[in-house]
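Open the structure in your viewer and keep the selection tool ready. The stops below go from the whole chain down to single residues.

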Amino acid sequence: MPLQSTARRRLLQGLAIAGASTVLGGCATALTGRDTAGGFVRREVRAGARSSAFQVFVPAARLPRPLPVVLFLHGSGERGDDGEKQTQAGLGPYLRGRGGDFPALVVFPQSPEGESWEGDTATMALAALDAATEEFQGDRARTSLTGMSRGGYGTWSLALREPARFAALVPVCGGITPPGTRPDLASLQVESTHAAADPFSETARQLRHIPSWIFHGARDDVVPPEQSRRMHAALRAVGADVRYTEFPDANHNSWDAAYRTEALWPWLFAQQR
């Protein structure tokens, strides 16, 4: 009887191990298939009491790891809770046009309706960045931050919150103080420096050690280019490594031209903390 029990136990253990190998093998095949060509994957992150969907662009598997990481902050029109819209304007369409050859991990959190990249929403974005960096072999020393419109404001705001986290900043048609163009934008500002005598100078003083490349459209009637011009001047005044590109014929949509700027990406990926 003991011999039969031992034999049966060994048989069951063998079946369990075989079954586990089959499951793990299936997962490995699925992950490899997903990553071979590169593309978007959906994930969720919990920050406090809130669970939020986000997207991650994972490059082709043949590209060397660890990967540079880009955190992208969308604008007002992509807010919501569908977990998809944040990839449909700005950097997302650019990546879809590149297939899987873009050589960086890109994280796309989504802001809830009616919120900016401040407070709990900023906490969620940083949590999504941490989760994606860990799961997909991102390089924390080569992590950059970019955003457009409301996300351009968010680029300055998150950098002020985590000044040691980012190797470079790329704000597109963003700003520091309320743009003054529409009533619904009256509260749009960088919260942590809004009480300063000169919010632009104070932001520049705190972020002078992070290289930045600012983009704006000269005809922007939503967030006037003066926002970026003043920030560029303030950064230059404190000796920061800053570039500024203003597109003479662009209105508020300067993001398509910004992300198509060929020199941007080699410059960005060369930055390191």
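**The whole chain**

Among contacts (heavy atoms within 4.5 Å) between residues at least 6 apart in sequence, 72% join residues at least 24 apart. This is a predicted model, in which local features need pLDDT of at least 70 and side-chain atom pairs count only at pLDDT 80 or more, while totals for chains, interfaces and linings use all residues. Residues are numbered from 1 along each chain as its sequence is written, and side-chain values use heavy atoms, with hydrogens and water left out.

Colour by secondary structure: the chain has 8 helices and 8 strands. These are DSSP runs (helices H or I, at least four residues; strands E, at least two), numbered from the N terminus. Of the 273 residues, 50% are buried, meaning under 20% relative accessible area with a 1.4 Å probe, protein chains only.

**The largest core**

Select Trp156 and Leu158, the residues with the most contacts inside the largest nonpolar core, which has 45 residues. Such a core is a set of buried Ala, Val, Leu, Ile, Met, Phe, Trp, Tyr and Cys residues joined through side-chain atoms within 4.5 Å. Elements giving it two or more residues include strand E1 (39-47), helix H3 (119-135) and helix H4 (150-161). H3 supplies the largest share, 7 residues.

Beyond four places in sequence, Trp156 is in contact with residues including Leu169, Ile214 and Met231.

**Helix H6**

Next, select His232 in helix H6. Is His232 buried or exposed? His232 is buried, with a relative accessible area of 16%. Leaving out residues up to four places away in sequence, His232 touches Ile214, Val242, Arg243 and Tyr244.
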